[in-house]
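Welcome! Take a moment to look over the sequence and the 3D picture below, and then we will walk through some of the details together.

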Amino acid sequence: MPVLGPVASLVINRYNCRICTIIGGILILVGFTSSAFVHSIDVLLITYGVIAGAGTGFSYCAAVVSLGYNFKKYLGITAGVSMTGAALGLFSGGPVIRLFVDNYGLSGTFLLMGGVGANMCACGMLFRPTKLERILKKKRLKNENQTLRESARDAWQRYVLIFQNKAFALYCVSIFSWNLAQSAIYLHLPFYAQSKGTSPESAAALFTGMGGFSLVARVLTGLVVTKQEVDGLILHMGCLGMATVATFLFPLYSATYLGQMIYSSILGFYLASPMVLLSPLTVELVGVDNLAAAIGVGTFVLGSGYLVGPPIAGFIIDIGASYDVSFMVSGCFFLVSSLVTLGAAALHGRSQLPVEPALFTSLTIIPAEAASNISLHARELRENAAAYRSWDTEKPKHIRDINMLIDELERDSTYHTENDNQKTQHSEISSLVDNNTTKPDAAELQEG
């Protein structure tokens, strides 16, 4: 249940990723184990759907947030590698679950899955809180006597601040539309294939092909994002655009099993990238300081799309429409997701507000001397870019250069809390990366 992402983010902000993951593992264990002794579908919806699903949501949110806390320069490739686990699950999950059911029955399968899920507790113990995570926690918890009401108010203010970031708000709309379409397709793809004469076993194998190509795409996406040669929002938009084209054209080549496998492979390849980009894009749009809350919002939107998609797909079939219509509607939602991302990219490129929190977060955890060096080198980068008239056309690249400089200085610095001298540096860096900074006059350009 990714819809519980905001609750998981509150746990992360209040405690840390380790505690959130352990809670998730316990909920998975309790949910699956209790499902083994349930004989009512109504109760199973609670034990399997709510309890075990909540545990999955807690564990997923903590895993994504921990990447942003532990990695900066190589966040893209680490996100890609970590997300390959989901692709492996999609690739092998079906045959493994079928093996469990055939040999141990449904109750035995629930017990085995509970034992597998309990390993999340052991994985959570490895999530050692980083210095950055501890500092952000101290900044949020101003004193030990902060009441629950005050904590809830601070969390609400943080969410309001996040949604004031228009680029991130549009990105959330894109996440919702993309997952709505994806969940509808996952529901109807095997039935659609069977309606074309494919056997149930072969229809289930379509997800195996999807998982294999998803595995490759996740690693490739991580490599591309790490090299910073392609803007993450543009890559997100392009992948959803390709999924749109493949879905619109699917009825034309769905009559054969080869065509169905080709579509599954294309979908697995291009829908893997948006999942990998979730953490890097969130850091880029709202900064590390707001990462936990923003990931909570993102997973809530993602889960909401998954909840809404299947009922819409079922309604289309119930009113007498064909599976072709269902896929056309899903393609429309893919198209909306892609176009909305284009708007987010335009807003993000026009305003530096979304990337400033990342700079500010770094500056709040390094000594004042390092902040002075950053200010000096950032000014040099800004002036050189303006002299060659490349600031407006290549601004994201220059911002990444400044961020890389911060990372290098940060590795040699001791983390500590914010002081008044660093607040002065915030304003200085802000003026350097502001799009409205005065450009040098003709004489300065000639000297450059």
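V245, F248, L249, L252, L335 and L339 make a nonpolar surface patch of about 550 Å². This is a predicted model, in which local features need pLDDT of at least 70, side-chain atom pairs count only at pLDDT 80 or more, and totals for chains, interfaces and linings use all residues. Residues are numbered from 1 along each chain as its sequence is written, and side-chain values use heavy atoms, with hydrogens and water left out.

Which elements give two or more residues to the patch? They are helix 9 (232-249) and helix 14 (323-350). Helix 9 supplies the largest share, three residues. L252 sits in the loop between helix 9 and helix 10 (257-270), and counts as exposed because its relative accessibility is 71%.

Some terms need their cut-offs. A patch is made of residues with over 30% relative accessible area and no salt bridge, with like charges joined within 9 Å and nonpolar side chains (Val, Leu, Ile, Met, Phe, Trp, Tyr) within 5 Å. A salt bridge is a side-chain nitrogen of Lys or Arg within 4 Å of a carboxyl oxygen of Asp or Glu. Buried means under 20% relative accessible area, exposed over 50%, and partly exposed in between (1.4 Å probe, protein chains only). Helices (H or I, at least four residues) and strands (E, at least two) are DSSP runs, numbered from the N terminus.

## Aromatic rings that meet

How many aromatic pairs does a search of the whole structure find? The search finds 14. Rings of Phe, Tyr and Trp (its six-membered ring) pair if their centres lie within 6.5 Å; planes under 30 degrees apart are stacked, over 60 edge-to-face, and the rest tilted. Here are two of the pairs:

| Pair | Centres apart | Angle of planes | Type |
|---|---|---|---|
| Y186 and F207 | 5.9 Å | 80° | edge-to-face |
| F250 and Y263 | 4.1 Å | 15° | stacked |

Y186 is partly exposed, at 22% relative accessible area, while F207 is buried, at 19%.

Contact here means heavy atoms within 4.5 Å. S273, found in helix 11 (residues 272-276), counts as buried because its relative accessibility is 5%. Leaving aside neighbours within four places in sequence, S273 is in contact with A217, T221 and C239.

S59 is in helix 3 (residues 41-70) and counts as buried at 6% relative accessibility. Not counting residues up to four places away in sequence, S59 touches T21, G24, G25, I28 and M120.

## The whole chain

The protein chain has 19 helices and zero strands. Of its 448 residues, 46% are buried. Among contacts between residues at least 6 apart in sequence, 84% join residues at least 24 apart. The chain exposes about 21,000 Å², and carbon and sulfur atoms supply 66% of that area (Shrake-Rupley method with a 1.4 Å probe; for residues, only the protein chains shown count as cover).
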